[in-house]
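Here are a few friendly notes to read alongside the model. Have the sequence and the 3D view open as you go.

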Amino acid sequence: MLDLLSGFVTELRRAGLPVSLTEHLDAAEAVHHIPLEDREALKYALAATMVKSSSHWRAFETAFEVFFAVRTGAQGIAGELDADGNEIDQ
């Protein structure tokens, strides 16, 4: 999940959101306290730690929906992914 989160932070930065290292670490801590299969809880936990202003919300929401839809598909967010975003058989 940490590699997935790092990829998401990179996408947010590309979208123009100023995500600091501290916020990245706060987001990593936040995901340890929510059920990863709860997509909405994940979205709002990440937003709470990385969105600084209401003007960034739409970019965050779009990046979240695209990034996690592509990488999780029907399997859900909790699956392990390799560096290319492919699910690892366990």
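1. Start with Arg 14 and Glu 11, which form a salt bridge whose closest N and O atoms are 2.7 Å apart. A salt bridge here is a side-chain nitrogen of Lys or Arg within 4 Å of a carboxyl oxygen of Asp or Glu. Arg 14 and Glu 11 are 3 residues apart in helix α1 (residues 2-14), so about one helical turn separates them. Helices are DSSP runs (H or I, at least four residues), numbered from the N terminus. Arg 14 is exposed, at 63% relative accessible area, while Glu 11 is partly exposed at 28%. Buried means under 20% relative accessible area, exposed over 50%, and partly exposed in between (1.4 Å probe, protein chains only).

2. A word on the source: this is a predicted model, in which local features need pLDDT of at least 70 and side-chain atom pairs count only at pLDDT 80 or more, while totals for chains, interfaces and linings use all residues. Residues are numbered from 1 along each chain as its sequence is written, and side-chain values use heavy atoms, with hydrogens and water left out.

3. The structure holds 5 salt bridges. In one of them, Arg 39 pairs with Glu 65, with the closest N and O atoms 3.1 Å apart. Arg 39 lies in helix α3 and Glu 65 in helix α4, so this pair ties together parts that are 26 residues apart in sequence.

4. Lys 43 forms a salt bridge with Glu 61, the closest N and O atoms being 2.8 Å apart. This pair also joins α3 to α4, so parts 18 residues apart in sequence are tied together. Is Lys 43 buried or exposed? Lys 43 is buried, with a relative accessible area of 9%, whereas Glu 61 is partly exposed at 28%. Arg 39, Lys 43, Glu 61 and Glu 65 are linked in a network of salt bridges.

5. Now look at helix packing. Glu 23, Asp 26, Ala 27, Ala 30 and Val 31 in α2 meet Leu 42, Ala 45, Leu 46, Thr 49 and Met 50 in α3; contact means heavy atoms within 4.5 Å.

6. Finally, find Val 51 in the loop between α3 (39-50) and α4 (57-72). Val 51 and Val 19 are 32 residues apart in sequence, and their C-alpha atoms are 7.9 Å apart in space.

Methods: Helices (H or I, at least four residues) and strands (E, at least two) are DSSP runs, numbered from the N terminus.
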